[in-house]
Amino acid sequence: VDMTHVTTCVQGTLGYLDPEFFQTNQFTEKSDVYSFGVVLAELLTGQKPLTPIGSGGFKSVAVEFALHMEMGRLFEIVDSRILNEASEVDVMDVANVAMKCMNLNGKERPTMKEVASVLQKVRSSGMSV
């Protein structure tokens with residue numbers, strides 16, 4: 001009765017899982033927002049969430065995407081098919097939403113309603129998301 005949430009068995013694909021889960025062992029309503037941000041980054045870049053690298057480790061699209069955004073080099077990582085079909089403004093809008101969704105602090109992530117609202121505006125401007 002006093003429980004606010006119950007997690008019985010965690011299932012998910014590495015690369016999409018909320019990093020906060022690894023610290024707290026709890027999912028929140030914002031955990032899915034993080035996963036959706038990874039999906040947006042995946043769609044923008046054409047890369048899988050995790051890619052094997054030569055040393056036996058993996059490269060994360062979320063980390064690579066964030067690094068490119070922070071360095072102002074987004075368009076170096078965006079798939080050329082996206083760049084051919086969408087305006088730079090629309091790509092930037094979707095990229096900014098992805099970054100907000102992938103914020104490491106779950107409380108600072110937008111709600112899915114806010115994400116949907118932004119994506120609807122982008123879609124209305126001409127980009128197919």
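**Salt bridges and a nonpolar surface patch**

In this predicted model, the count of salt bridges comes to 3. Side chains of opposite charge can pair when their charged atoms come close.

One of these pairs is formed by Asp-18 and Arg-109, whose closest N and O atoms are 2.7 Å apart. The pair links distant parts of the chain, since Asp-18 belongs to the segment before helix H1 (19-24) and Arg-109 to the loop between helix H6 (88-101) and helix H7 (112-124), with 91 residues separating the two. Both partners, Asp-18 and Arg-109, are buried.

A salt bridge also joins the side chains of Arg-73 and Glu-76, with an N to O distance of 2.8 Å. Arg-73 has a relative accessible area of 36% and is therefore classed as partly exposed, whereas Glu-76 counts as exposed because its relative accessibility is 53%.

Between Asp-79 and Arg-81, the side chains likewise meet in a salt bridge, at 2.8 Å from N to O. Here Asp-79 counts as buried, because its relative accessibility of 14% falls under the 20% limit for that class, while Arg-81, at 55% relative accessibility, counts as exposed.

Apart from the charged pairs, a nonpolar patch on the surface is formed by Val-63, Leu-67 and Met-71, which together present about 270 Å² of accessible area. Of these residues, Val-63 lies in helix H3, which spans residues 61-70.

Technical notes
Residues are numbered from 1 along each chain as its sequence is written. This is a predicted model: local features need pLDDT of at least 70, side-chain atom pairs count only at pLDDT 80 or more; totals for chains, interfaces and linings use all residues. Side-chain values use heavy atoms; hydrogens and water are left out. Patches are made of residues with over 30% relative accessible area and no salt bridge: like charges are joined within 9 Å, nonpolar side chains (Val, Leu, Ile, Met, Phe, Trp, Tyr) within 5 Å. Accessible areas come from the Shrake-Rupley method with a 1.4 Å probe; for residues, only the protein chains shown count as cover. A salt bridge is a side-chain nitrogen of Lys or Arg within 4 Å of a carboxyl oxygen of Asp or Glu. Helices (H or I, at least four residues) and strands (E, at least two) are DSSP runs, numbered from the N terminus. Buried means under 20% relative accessible area, exposed over 50%, partly exposed in between (1.4 Å probe, protein chains only).
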